[in-house]
Amino acid sequence: MDATPKILARAELWHARATGLLAVLGGVSVFFLVGVTMTAVFSRYVLNDPIYGIEDLSTMGLTVVVAGAVAYGADKGSHVNVNVIGMMAGRATTRYTDVLARLLGIGIVSVATYALFTKGSCGLPCGDITNNLSILHWPFYYILGFAMASYAVLLVVHLLIGLARWSGEDPNADAD
């Protein structure tokens, strides 16, 4: 029987759905970037006439791709890790190190989220525009901020699930 409280399981499910939306947005941005890159290459090398401001479009599109990747990657655990502590000390020790790592992660990602929303809210008075086309940065700061906030929420949910399943296996812990 699964010892995860239903509310935490539902929170994890809703988080996965929300990050799925960010991933779709990131995927659409990848297609946009492919189109922009193909157009830029064709214009520069075939027509010998580079498109003014194409770097601005590429940079802002890449920002959306990164936001989708951060949120979706966090949800799917698509990161590289080596669980040396688990291999050497076992689950008795990783119960504590998982809590510590998640608390540190929550703190770091929360600071990044705060910084992104703070910087994004400054906008035009701070000169947050692209060099050529003057695209405002604030929506892209907010998209990244939402992605990082999503990661922080996921870490909180995983922390609570880990605490709820303290005496058993943590489904979100790395395999030993």
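Two helices count as roughly antiparallel when the angle between their N-to-C directions is over 145 degrees, a cut-off that is needed for the first of these views of a predicted model.

**View 1. The packing of helix α1 against helix α5.** Helix α1, which covers residues 6-46, packs with α5 at an angle of about 160 degrees, and their axes lie 10 Å apart. Because this angle is over 145 degrees, α1 and α5 are roughly antiparallel to each other. The crossing of the two helices, α1 and α5, is left-handed. On the α1 side the contact is made by L8, A11, E12, H15, T19 and L22, while the residues that α5 brings to the contact include A147, Y151, L154 and I161. Sorted by class, the contact of α1 with α5 has eleven nonpolar residues, four polar ones and one charged one.

**View 2. The largest nonpolar core.** This core has 13 residues, and V109, L116 and A147 are those with the most contacts inside it. Three helices, α2 (54-76), α4 (91-122) and α5 (138-164), each supply at least two residues of the core, and the largest share, seven residues, comes from α5. In soluble globular proteins, nonpolar side chains tend to be buried together.

**View 3. The surroundings of V109.** When residues up to four places away in sequence are not counted, V109 touches M148, Y151, A152 and L155.

**View 4. The place of D98 in helix α4.** Is D98 buried or exposed? D98 counts as buried because its relative accessibility is 17%, which is under the cut-off of 20%. From C-alpha to C-alpha, D98 and Y45 are 52 Å apart in space, and they are 53 residues apart in sequence.

Methods:
Residues are numbered from 1 along each chain as its sequence is written. This is a predicted model: local features need pLDDT of at least 70, side-chain atom pairs count only at pLDDT 80 or more; totals for chains, interfaces and linings use all residues. Side-chain values use heavy atoms; hydrogens and water are left out. A nonpolar core is a set of buried Ala, Val, Leu, Ile, Met, Phe, Trp, Tyr and Cys residues joined through side-chain atoms within 4.5 Å. Buried means under 20% relative accessible area, exposed over 50%, partly exposed in between (1.4 Å probe, protein chains only). Helices (H or I, at least four residues) and strands (E, at least two) are DSSP runs, numbered from the N terminus. Contact means heavy atoms within 4.5 Å. Axes are lines fitted to C-alpha atoms, for helices over the stretch in contact, and angles run from 0 to 180 degrees between N-to-C directions. Angles under 35 degrees count as roughly parallel, over 145 as roughly antiparallel, 65 to 115 as roughly perpendicular and the rest as oblique. A crossing is left-handed if the near helix is turned anticlockwise from the far one by less than a right angle, and right-handed if clockwise. Ala, Val, Leu, Ile, Met, Phe, Trp, Tyr, Cys and Pro count as nonpolar, Asp, Glu, Lys and Arg as charged, and the others, Gly among them, as polar.
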